[in-house]
Amino acid sequence: LIDGTWTLFLDRDGVINHEKADDYIRNPYEFRFMEGAEEAIAAFGSVFGRILVVTNQKGIGRGLMTEKDLEDINNHMLAAIEKAGGRIDRIYHCPDTDADSPCRKPNPGMGHRAMADFPEIRADRTLMVGNTMGDMGFGRAIGARTVFIPSTKPMPELPHPLVDAVFADLAALAKALLNAG
């Protein structure tokens, strides 16, 4: 049973907000929440002890946006989540373009940073929610259970060794968790 000793890791693009096809969200005006995402994150606050975002942001490494642009987007996202009664405890991002970068999902670097920042995080009490197999690989690499959201990528054939559960979106996951509690 998931309770306050658990940590929730969320991917951003395609999970919290709509992705831009073949491009990056470059400013707050391009950031659009997925249906029910703010309310779902607010609901997660009553379930999880920590809620963290882990996001690959290659657009920075490619020079298409700056760290300040990302900070503006994050501040916009956090304000809307807080207005809905929710919280994100910290956002981790990887600007690297090299797939071998230790912080770039599916590699576990952002998860390891989070576990160093929040020593109470226990790998066996973490849930990673994402919309790519890279997110699922990241989850497995840090010892997390995984939830796949088929928002932009096709659902893998199940059963799949990297995927523990599939939900349509964050709202469906929140409803299932609240009903289980």
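# Notebook: a first look at the fold

I counted six helices and six strands in the protein. I keep in mind that this is a predicted model. Reading from the N terminus, I wrote the order down as β-α-β-α-α-β-α-β-α-β-β-α.

**Overall shape**

I looked up the span of the C-alpha trace along its principal axes and found about 45 × 35 × 35 Å. Next I checked the radius of gyration. A compact globule of 181 residues would have a value near 16 Å, and the protein has 15 Å, so the two agree. I noted that 45% of the 181 residues count as buried. I also looked at contacts with a separation of 6 or more: 62% of them join residues 24 or more positions apart.

**Surface and charge**

The exposed surface comes to about 8,500 Å². Carbon and sulfur atoms supply 52% of that surface. I then turned to the charges, 20 positive and 26 negative. Their mean positions are 2 Å apart.

**The cores**

Nonpolar side chains tend to be buried together in soluble globular proteins. I went looking for such groups here. The largest nonpolar core has 36 residues. Leu10, Ile16, Phe44, Phe48, Ile88, Val129 and Leu170 have the most contacts inside it. Elements giving two or more residues to this core are β1 (7-10), α1 (37-44), β2 (50-56), α3 (67-83), β4 (126-130) and α6 (170-180). There is also a second, separate core of 14 residues, and Leu52, Phe118, Ile121 and Ile142 are among them.

Setting aside neighbours within four places in sequence, I listed its contacts as Leu10, Ile41, Ile51, Val53, Leu78 and Ile81.

**Helix α1**

How many residues of α1 are buried? I found seven of its eight, so I wrote "mostly covered" beside this helix, buried being under 20% relative accessible area. The seven are Ala37, Glu38, Ala40, Ile41, Ala42, Ala43 and Phe44. Their cover includes β1, β2, α3 and α6.

Thr55 sits in strand β2. Is Thr55 buried or exposed? Its relative accessible area is 2%, so Thr55 is buried. Beyond four places in sequence, Thr55 touches Asp11, Arg12, Asp13, Ile91, Tyr92, His93, Cys94, Lys105 and Met110.

Arg104 is in the loop between β3 (90-94) and α4 (109-117). I saw that Arg104 is buried too, because its relative accessible area is 11% and the cut-off is 20%. Cys94 lies ten residues from Arg104 along the chain, yet their C-alpha atoms are separated by 5.7 Å. Leaving out neighbours within four places, I found Arg104 in contact with Asn56, Lys58, Cys94, Asp96, Thr97, Asp98 and Ala99.

**Backbone exceptions**

Most peptide bonds are trans, and most residues other than glycine have a negative phi. I searched for exceptions.

- The bond from Lys105 to Pro106 is cis, with omega near 15°. Pro106 belongs to the loop between β3 and α4.
- The bond from Leu158 to Pro159 is cis as well, with omega near 0°. I placed Pro159 in the loop between β5 (145-148) and β6 (165-166).
- Asp22 has a positive phi, near 50°. Asp22 is in the loop between β1 and α1. Its relative accessible area is 84%, so I marked Asp22 as exposed.

Notes:
Residues are numbered from 1 along each chain as its sequence is written. This is a predicted model: local features need pLDDT of at least 70, side-chain atom pairs count only at pLDDT 80 or more; totals for chains, interfaces and linings use all residues. Side-chain values use heavy atoms; hydrogens and water are left out. Helices (H or I, at least four residues) and strands (E, at least two) are DSSP runs, numbered from the N terminus. The radius of gyration is taken over C-alpha atoms; the globule rule is 2.2 Å times the number of residues to the power 0.38. Buried means under 20% relative accessible area, exposed over 50%, partly exposed in between (1.4 Å probe, protein chains only). Contact means heavy atoms within 4.5 Å. Accessible areas come from the Shrake-Rupley method with a 1.4 Å probe; for residues, only the protein chains shown count as cover. Lys and Arg count as positive and Asp and Glu as negative; His and the chain ends are not counted. The place of a charge is taken as NZ of Lys, CZ of Arg, CG of Asp or CD of Glu. A nonpolar core is a set of buried Ala, Val, Leu, Ile, Met, Phe, Trp, Tyr and Cys residues joined through side-chain atoms within 4.5 Å.
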